[in-house]
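Subject: Structure handover and notes

Hello,

Please find the structure below, for your files. My notes on it follow.

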Amino acid sequence: MASARHFFKSQSAEQTRADITADIKNSRKAQRDAAANGQHRAAEMMRQGTDEALDELNRLDNGTWKPNHA
């Protein structure tokens, strides 16, 4: 489940990285699909989601990532 990682403190860094990477992959695919179908607003929203996930991955790599709600 996307973003479920924000509710669990006990998740390993490897699992968190895998979740974020999957979110990036899925957002990029949704962005391409939306753009191809002329849904440019949805494509922009997916691009923003991808950017947020990339920022989150960067924080994880820097050691500053933490769950939002745990």
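Just after helix H1, Gly 38 takes a positive phi of about 80°. Helix H2 is likewise followed by a glycine, Gly 63, whose phi is positive and near 80°. Helices here (H or I, at least four residues) and strands (E, at least two) are DSSP runs, numbered from the N terminus.

Before the rest, the conventions. This is a predicted model, in which local features need pLDDT of at least 70 and side-chain atom pairs count only at pLDDT 80 or more, while totals for chains, interfaces and linings use all residues. Residues are numbered from 1 along each chain as its sequence is written, and side-chain values use heavy atoms, with hydrogens and water left out.

Overall layout

The secondary structure comes to two helices and zero strands. Along the principal axes, the C-alpha atoms fill a box of roughly 40 × 20 × 20 Å. Of the 70 residues in the protein, 26% are buried. Buried means under 20% relative accessible area, exposed means over 50%, and partly exposed is in between (1.4 Å probe, protein chains only). Among contacts between residues at least 6 apart in sequence, 58% join residues at least 24 apart; contact means heavy atoms within 4.5 Å.

The expected span is 1.5 Å times one less than the number of residues. H2 has 23 residues and reaches 33 Å from its first C-alpha to its last, close to the 33 Å expected.

How do the axes of H1 and H2 cross? They come within 8 Å and cross at roughly 160°. That makes H1 roughly antiparallel to H2. The axes are lines fitted to C-alpha atoms, for helices over the stretch in contact, and the angles run from 0 to 180 degrees between N-to-C directions. Angles over 145 degrees count as roughly antiparallel, under 35 as roughly parallel, 65 to 115 as roughly perpendicular and the rest as oblique. The crossing of H1 and H2 is left-handed, that is, the near helix is turned anticlockwise from the far one by less than a right angle (clockwise would be right-handed).

Burial and packing

In H1 the buried residues are Thr 16, Asp 19, Ile 20, Asp 23, Ile 24, Ser 27, Gln 31 and Ala 34. What covers them includes H2, residues 40–62. The buried residues of H2 are Ala 43, Thr 50, Ala 53, Glu 56, Leu 57 and Leu 60, and these pack against H1.

The largest nonpolar core has six residues: Ile 20, Ile 24, Ala 53, Leu 57, Leu 60 and Trp 65. H1 and H2 each supply at least two residues of this core, and the largest share, three residues, comes from H2. A nonpolar core is a set of buried Ala, Val, Leu, Ile, Met, Phe, Trp, Tyr and Cys residues joined through side-chain atoms within 4.5 Å.

Individual residues

The contacts given below leave aside neighbours within four places in sequence.

- Ile 24, in H1, counts as buried because its relative accessibility is 13%. Ile 24 is in contact with Thr 50, Ala 53, Leu 54 and Leu 57. The C-alpha atoms of Ile 24 and Leu 57, 33 residues apart along the chain, are separated by 9.4 Å.
- Ser 27 is also placed in H1 and counts as buried at 15% relative accessibility. Its contacts are Met 46, Gly 49 and Thr 50.
- Glu 56, found in H2, has 6% relative accessibility and so counts as buried. Glu 56 is in contact with Arg 5, His 6, Ile 20 and Trp 65.
- Gln 15 has its place in H1 and is partly exposed at 39% relative accessibility. From C-alpha to C-alpha, Gln 15 and Ser 27 are 18 Å apart in space and 12 residues apart in sequence.
- Lys 9 lies in the segment before H1, and its 68% relative accessibility makes it count as exposed. Lys 9 and Lys 66 are 57 residues apart in sequence and 8.1 Å apart in space, C-alpha to C-alpha.

Regards
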